[in-house]
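Please read the following note beside the sequence and the model, and check each point by eye as you go.

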Amino acid sequence: MSRAVHVAGVGMIPFAKPGASDPYPLLGARAAKAALADAGVDYQRIDQVYAGYVYGDSCSGQAAVYHLGLTSVPVINVNNNCATGSTALYLARQAIASGAAECVLALGFEQMQRGALGTHFADRPDPSQRLLDAMQATQGTGPPAPIAAQLFGGAGRMHMQLYGTLPETFARIAVKARRHAQHNPNAIFRAPLTLDEVMASPMVFDPLTRLQCCPPTCGGAAAVLCSEDFAKRYGLDRSVVIRAQAMTTDGNSSFDENDMRKLVGYDMARKAARQVYEAAGIGPEDIPVAELHDCFTANELITYEALGFAPEGGAEQFIADGDNTYGGKVVTNPSGGLLSKGHPLGATGLAQCAELVWQLRGQAAARQVEGARWALQHNLGLGGACVVTLYART
């Protein structure tokens, strides 16, 4: 049995630079309270909680939700790298769809440190070692740079080698992100950028300059999911439903084909998107608005092709034609994306959810994509996991 799953409420708090935020329990609690208030649901009615974070000790989820009340409900802690928030959403949806629960809270939060991401346990195997070995075998050792930038920058280089993509094409994505973010009060970076400014910022890993890399941030976001019966019983908003959702992990192509695009999740995203389109009976041409995992501009570019918004090799023309923004085929990252909002790992997937729910409700103010009835979310974590979620306005 699979029941309809409604997003009754969403909430997020403005993200902040490391060192300028509340401690993580308050980040999580504030986001959860915002989602509960938006849904009009008391925490006492929540059956289960899925709490996502990456950099934290065991039971950090409990430390956050205990600020909401001590109700003895199950609290399940989730860690799936940068796809953590959408993984919590995926599990919450399954609980509702299966009939195991009637109303579930999906919560994501992160209190991050300054600087590039790194490992915290030097006395045991790195779970990303196979990924790193494949990167080394494919592109060798380059100049010193953060590992994530080498991975996604390598994917950008691969696209350039295959299709002649220009460095400026990647930079145009950062310009677009800031143009969208100027209308988002929750984005950290809202000042517009010119193409020249993006290109002139310090090189991190060619073709990625600093302004093409998302910053580590602290924050929280949450969603309240419920069954249709529960929504009817308590008079909750039923205007947004999760119509389809898929989660994938790495396959052989990630490691065996010497293709940096596939190493950073191209095939994971393509497979998940195809499953979602098939389940909903629609195609990428039907999507008017999407929140994509733009941790680096290179990832947004290859994701256009993975999700079917552009044919393989066609992302550069897609960008040149303005088909990734207002007036084009699909408005990508109307929130400004990770490049402008920042990227608190555990919160990102649920912040994407919040933006798309606001879009489908018509509550996105100057960011609004008029008439949107479908919205697509793509959230990626290396190591790996990819979650693609399709929302519909009922």
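1. E11 covers residues 374-381, and eight of its eight residues are buried; helices (H or I, at least four residues) and strands (E, at least two) are DSSP runs, numbered from the N terminus.

2. Before going further, please note that this is a predicted model, in which local features need pLDDT of at least 70 and side-chain atom pairs count only at pLDDT 80 or more, whereas totals for chains, interfaces and linings use all residues. Residues are numbered from 1 along each chain as its sequence is written, and side-chain values use heavy atoms, with hydrogens and water left out.

3. E11 has strand partners to look at, where two strands pair if DSSP finds at least two bridges between them. Strand E9 (residues 289-291) runs parallel to E11 and is joined to it by two bridges, with alanine 290 standing opposite leucine 376. Strand E12 (residues 385-393) pairs with E11 in the antiparallel sense over eight bridges, and there histidine 378 has valine 388 as its bridge partner. E11 and E12 form a hairpin with three residues between them, and glycine 383 in the turn has a positive phi of about 130°.

4. How far apart are the end C-alpha atoms of helix H15? They are 26 Å apart, which agrees with the 24 Å that the 17 residues of H15 (residues 345-361) should span at 1.5 Å a residue, the expected span being 1.5 Å times one less than the number of residues. In H15, 17 of its 17 residues are buried, and the helix is followed by glycine 362, whose phi is positive, near 80°.

5. The aromatic rings deserve a separate look, with the rule that rings of Phe, Tyr and Trp (its six-membered ring) pair if their centres lie within 6.5 Å, and that planes under 30 degrees apart count as stacked, over 60 as edge-to-face and the rest as tilted. The count comes to five aromatic pairs. One of them is the stacked pair of tyrosine 53 and phenylalanine 109, at 5.4 Å centre to centre with 15° between the planes. This pair links distant parts of the chain, since tyrosine 53 is in the loop between strand E2 (48-52) and helix H2 (60-65) and phenylalanine 109 is in strand E4 (residues 103-110), 56 residues apart. Tyrosine 53 counts as buried at 6% relative accessibility, and phenylalanine 109 counts as buried at 1%.

6. The rings of phenylalanine 152 and phenylalanine 296 have their centres 5.3 Å apart and their planes at 25°, so this pair is stacked. Phenylalanine 152 lies in helix H5 (residues 147-163) and phenylalanine 296 in the loop between E9 and helix H12 (297-306), so the pair ties together parts that are 144 residues apart in sequence.

7. For the chain as a whole, there are 15 helices and twelve strands, and 59% of the 394 residues count as buried. Along its principal axes the C-alpha trace spans about 55 × 50 × 40 Å.

Notes:
Buried < 20%, exposed > 50% of the residue type's maximum accessible area, 1.4 Å probe, protein only.
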